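Here are some notes to read alongside the structure, written for someone who is opening it for the first time. Keep the 3D view handy and click along as you go.

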Amino acid sequence: MAKISTQSRTDLFIHIGIIVSLLLVLFLGFFFVYLPFTTNHGEAITVPDLKKKNVEDLEDFLGDRDLRYEVDCTFVTNVPALTIISQYPLPGSKVKEGRKIYVTVVSRTAPLIKMPKLTDMTHRSAQMLLKSVGLEEGNISYVPDMAQNAVLRQLYNGKEILPGQPVAKGTKIDLELGEGLGTAQFEAPSAIGMPLDEAKIAIVGAGLKVGQVMEVPAEEGQAPGSIVRQNPDAGNKVRIGDVIDLWVTPQAPESTDNENQPEQ
């Protein structure tokens, strides 16, 4: 066996240098040759952009890139079902082979929620509440009412929907709002032929006021105590709070207990 001469300091330093060099070569070879070969280190995969793709296409799309995926579902209005809306890691990230990509997709069916109470709220407040619970504002209509821009009715498919009733998330809710005084015009209701008390109820119910009530003699065919004339006439344009004057025939005289009784 050959012996290494260490009779001088020069030989010793040379031998130490050789040993250090061998160790350095082994160290570099382990980390830059052996590990990359066994773990694919340095062969990172760029994460593709999966947004707006259909989740049903992911199996082949990611499989070709040696990646896996896991799905979480949520519901989003106006987005096709099974569409990917977010992912992690983000597009462009560098990952190892076999890395799992987490994606969020739009579910097929919308969850049911309870319809909130919108009536008596301002239009703005109703809009904010609808948005907060996941509903959308539909058609807006105005009706004569003193409560300007207040929600008078909440409607779904043309029918009133009550608070607490189940409704699909993302549903459009139509709102009926008050138009306020002095803005909306509508046709005056007809009180002709009604008893005075019924006529007053009809006028007040339409958002109008009863003005002067004048008694006039009854003509042939007119019932006692009934409305025979009004101003403005039925069908004329009026606004909320307008006054309707009435003309009424006299009430029929009350019968007494002794009337129509046979004489003794």
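1. Let's begin with Glu176. Its relative accessibility is 13%, and because buried means under 20%, Glu176 counts as buried. Bear in mind while you look that this is a predicted model.

2. Where is Glu176 in the fold? You'll find it in strand β11, which covers residues 172-178. Setting aside residues up to four places away in sequence, Glu176 touches Ser141 and Val143, and also Ala150, Val151, Leu152 and Arg153. Pick those in the viewer and you have the surroundings of this glutamate.

3. Next, the nonpolar cores. The largest one has 13 residues, and the members with the most contacts inside it are Leu50, Leu58, Leu67, Ile84, Ile101 and Val103. Two elements that each supply at least two residues of this core are α2 (58-63) and β5 (100-106). Of the contributors, β5 gives the most, with 3 residues.

4. There is also a second, separate core, made of 12 residues. Among them are Ala188, Ala191, Ile227 and Leu246.

5. Back to Leu50, one of the residues with the most contacts inside the largest core. What does Leu50 touch, once its neighbours within four places in sequence are left aside? Its contacts are Leu58, Phe61, Leu62, Ile84, Gln87, Ile101 and Val103.

6. Phe61, in contact with Leu50, is worth a click of its own. Lys53 lies over the face of the Phe61 ring, 4.6 Å from the ring centre. Arg65 is there as well: its charged end sits over the ring of Phe61, at 3.9 Å from the centre.

7. Now for a sheet. Three strands form an open sheet in the order β2-β5-β3, and the pairing is mixed. At the edges are β2 (68-74) and β3 (84-88), each of which pairs on one side only. Neighbouring strands here are turned against each other by 25° on average, with direction ignored.

8. Finally, look at how β2 and β5 are joined. The two strands run parallel, and 7 bridges join them. To find your bearings in the viewer, look for Thr74, which stands opposite Val106 in β5.

Technical notes: Residues numbered from 1 in each chain as written. Predicted model: local features only at pLDDT ≥ 70, side-chain atom pairs only at ≥ 80, totals over all residues. Heavy atoms only, no water. Lys NZ or Arg CZ within 6 Å of the ring centre and 35° of its normal. Core = buried A, V, L, I, M, F, W, Y, C linked by side-chain atoms within 4.5 Å. Buried < 20%, exposed > 50% of the residue type's maximum accessible area, 1.4 Å probe, protein only. Helix = DSSP H or I, 4+ residues; strand = E, 2+ residues; numbered from the N terminus. Contact = heavy atoms within 4.5 Å. Pairing = 2+ DSSP bridges. Axes fitted to C-alpha atoms, helices over the stretch in contact; angles between N-to-C directions.
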